[in-house]
Amino acid sequence: MGAAILDIDKGDNFTVSGVPLDGKCRSRCPNLKGYSDYICSNTMAEVTKSSDKSRNRSDGQEITFSPVKSPVPQYDGRHQGNLTGMLRKVKDTAADVHNQIFKWKKLNTEGSNIISEIANTKIEKVFNVAGEETDGNLLPASLEPLCDKLTSVYNNMEKIVGKLQQLRAALCGVQALSRHKGGEEDILFHTWNIQDFVNTMDQLIEMYLSELKLKKSIAENVAHAESRQIMMFYSAAWIHQPYVEDSAQMLMESLITETGHK
């Protein structure tokens, strides 16, 4: 079906393909005053475009549309298919970082459970039921295997932080190669250049290094807690990880999204 052309004469009389509009239709289009290039949706009217991509207004002026180039770097799809060279190295590194952070989270949960067992043992065999404190330095024999487990958890966390530092070093190697080739500012996947990847790793490592120091202090002292309050503090500090900020999750998600893993 052909398009119905809306026409408005100088007296503000409305017609569609030569047929006058009634007052009801005009009341639904209160903004149609004096411009012949407005479209009345109630009558499915439309203004046709000329072949040279221009429109003529009632005042005789002509509007011409010209294509413009976006200033934003356009993604060329290089992350699809089998990657090689620097792109493959960066993408594999992002996957390794994600896996290491996932292992850390599992170890954190495991350590929290061990600390809960240590706390229960201390309360049962060291602190009296009435709430009065006894010799807090007394270590029941049942605490020794729990302390060994917690030490093992900490050692594995230390290895994870070391692995993150190695992955950062790998990205720095890619950055040095990009700088040598004069492409340090090039977009690798979607919007990030190599410096953005290095900066993300720097922020993550700083958080986990600080958290690792806290974990070490807790692992060394939790069995020697002299009161229930101190024991509760150690337990809360371990599970809530105060040095791993909320932004760590956002950084990790950005890293794997940028490289096409998600």
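This is a predicted model: local features need pLDDT of at least 70, side-chain atom pairs count only at pLDDT 80 or more; totals for chains, interfaces and linings use all residues.
Trainee: What percentage of the residues count as buried?
Mentor: 35% of the 262 residues.

Trainee: And how many helices and strands are there?
Mentor: There are 6 helices and 5 strands. In sequence order the pattern is β-β-β-α-β-β-α-α-α-α-α.

Trainee: What share of the contacts between residues at least 6 apart joins residues at least 24 apart?
Mentor: 65% of them.

Trainee: Switching to α4. How far does the helix reach from its first C-alpha to its last?
Mentor: Helix α4 covers residues 194-221, which is 28 residues, and reaches 41 Å. That is close to the 40 Å expected at 1.5 Å a residue.

Trainee: Which residue caps its N-terminal end?
Mentor: Asparagine 193 does, with a side-chain oxygen 3.1 Å from the backbone nitrogen of glutamine 195.

Trainee: Now the aromatics. How many pairs are there?
Mentor: The count is 4 aromatic pairs. One of them is tryptophan 104 with tyrosine 208: the ring centres are 5.0 Å apart and the planes are at 80°, so the pair is edge-to-face.

Trainee: Where in the chain do those two sit?
Mentor: Tryptophan 104 is in helix α2 (residues 85-125) and tyrosine 208 is in helix α4.

Trainee: Is tryptophan 104 buried or exposed?
Mentor: Tryptophan 104 has 1% relative accessibility, so it counts as buried. Tyrosine 208 is at 5% and therefore also counts as buried.

Trainee: What about tryptophan 192 and phenylalanine 197, what kind of pair do they form?
Mentor: An edge-to-face one, 5.0 Å centre to centre with 75° between the planes. Both residues are buried. Together with Phe189, Trp192 and Phe197 form one aromatic cluster.

Trainee: Which ring does the charged end of lysine 215 sit over?
Mentor: The ring of tryptophan 238, at 4.8 Å from its centre.

Trainee: Where is glutamine 241 found?
Mentor: In the loop between α5 (228-240) and α6 (247-258).

Trainee: Why does glutamine 241 count as buried?
Mentor: Because its relative accessible area is 13%, and buried means under 20%.

Conventions:
Residues are numbered from 1 along each chain as its sequence is written. Side-chain values use heavy atoms; hydrogens and water are left out. Helices (H or I, at least four residues) and strands (E, at least two) are DSSP runs, numbered from the N terminus. Buried means under 20% relative accessible area, exposed over 50%, partly exposed in between (1.4 Å probe, protein chains only). Contact means heavy atoms within 4.5 Å. The expected span of a helix is 1.5 Å times one less than its number of residues. A polar contact is a pair of N or O atoms within 3.5 Å; within protein, one must be able to donate a hydrogen and the other to accept it, and residues adjacent in sequence count only if both atoms are side-chain atoms. Rings of Phe, Tyr and Trp (its six-membered ring) pair if their centres lie within 6.5 Å; planes under 30 degrees apart count as stacked, over 60 as edge-to-face and the rest as tilted. A charge sits over a ring if NZ of Lys or CZ of Arg is within 6 Å of the ring centre and within 35 degrees of the ring normal.
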